[in-house]
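Subject: Handover of a protein structure

Dear colleague,

Please find below the structure that I am passing on to you.

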Amino acid sequence: MSVVRSTRTCCRRLLSSGNEMSRGLPKKFPLPGVKNIILVASGKGGVGKSTVATNLAISLSQRCSVGLLDADVFGPSIPLMMNIKEQPEVNHQKLIIPPVNYHVKCMSMGLLVDPNSPVVWRGGI
């Protein structure tokens, strides 16, 4: 019990003070029209992150407006899971209009490149 209390106190001090831990955190910038962001992540591959994200997005789309961003550059699977084959459109303001399926707006690297072509990255990933 005392270990848990001291750990909580220590974490509160670290996060509330301006030390090394909080200095490296990015600033929050609001996204217009976005109320909540849900992140599905894991340190291990092949555990079903894309499946969980897809099912969560489709379930939430029955009650609210939902967008799904596939940030997996090594093996984007959201286009396949969401049954989207068309590339996103660009409007007159040069903003990307994501394709929609199952009432979910989807954006993925897999929608921007040909699945049979290699992608050349400049700089580190």
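By how many residues is the largest pocket lined, and which of them lie nearest its centre? The lining consists of 40 residues, and Ile-37, Ile-38, Gly-67, Leu-68 and Leu-69 are those nearest the centre. Before going further, please note that this is a predicted model, and that the remarks on confidence further down apply to what you see on the screen.

The pockets

The largest pocket has a volume of about 1,500 Å³. Three elements, α3 (49-60), β1 (66-70) and β5 (104-108), each supply at least two residues of its lining. The largest share, six residues, comes from α3.

The overall architecture

The protein has five helices and five strands. Along the sequence, these elements follow the pattern α-α-α-β-α-β-β-β-β-α. Of its 125 residues, 15% count as buried. The protein exposes about 10,600 Å², and carbon and sulfur atoms supply 59% of that area. If you consider contacts between residues at least 6 apart in sequence, 45% of them join residues at least 24 apart.

Confidence in the model

The mean pLDDT of the protein is 81, and 78% of the residues reach 70 or more. Which elements have the lowest and the highest mean pLDDT? The lowest, 43, belongs to helix α1 (residues 2-16), and the highest, 97, to strand β4 (residues 100-101). Over residues 1-15 the pLDDT stays under 50, and for this stretch the model has four contacts beyond four places in sequence. Where pLDDT is low, the predicted coordinates should not be read in detail.

Is Cys-106 buried or exposed? Cys-106 counts as buried because its relative accessible area is 2%, which is under the cut-off of 20%. Leaving out residues up to four places away in sequence, Cys-106 touches Leu-68, Met-82, Ile-84, Pro-98, Pro-99 and Leu-111.

With a relative accessible area of 3%, Ser-108 is buried. Beyond its neighbours within four places in sequence, Ser-108 is in contact with Asp-70, Pro-76 and Pro-79. Although Ser-108 and Asp-70 are 38 residues apart along the chain, their C-alpha atoms are separated by 4.7 Å. Asp-70 can also be compared with Cys-106: these two are 36 residues apart in sequence and 7.8 Å apart in space, C-alpha to C-alpha.

Residues in the loops

Leu-39 is found in the loop between α2 (20-23) and α3. It counts as exposed, because its relative accessibility is 72% and the cut-off is over 50%. From Leu-39 to Lys-49 there are ten residues in sequence and 9.7 Å in space, C-alpha to C-alpha.

Most residues other than glycine have a negative phi. Asn-83, however, has a positive phi of about 55 degrees although it is not a glycine. Asn-83 lies in the loop between α4 (78-81) and β2 (89-90), and is partly exposed, with a relative accessible area of 45%. Lys-94 also has a positive phi, of about 60 degrees, and is not a glycine either. The loop that holds Lys-94 runs between β2 and β3 (96-97). Lys-94 is exposed, with a relative accessible area of 71%.

Yours sincerely,
A colleague

Key:
Residues are numbered from 1 along each chain as its sequence is written. This is a predicted model: local features need pLDDT of at least 70, side-chain atom pairs count only at pLDDT 80 or more; totals for chains, interfaces and linings use all residues. Side-chain values use heavy atoms; hydrogens and water are left out. On a 1 Å grid over the protein atoms alone, a cavity is a set of points where a 1.4 Å probe fits but cannot get out, and a pocket is an open set with protein on both sides within 12 Å along at least five of seven lines; lining residues have an atom within 4 Å of a point. Grid points are joined across faces, edges and corners, and a volume is the space filled by probe spheres set on the points. Helices (H or I, at least four residues) and strands (E, at least two) are DSSP runs, numbered from the N terminus. pLDDT is the predictor's confidence in each residue, from 0 to 100. Contact means heavy atoms within 4.5 Å. Buried means under 20% relative accessible area, exposed over 50%, partly exposed in between (1.4 Å probe, protein chains only). Accessible areas come from the Shrake-Rupley method with a 1.4 Å probe; for residues, only the protein chains shown count as cover.
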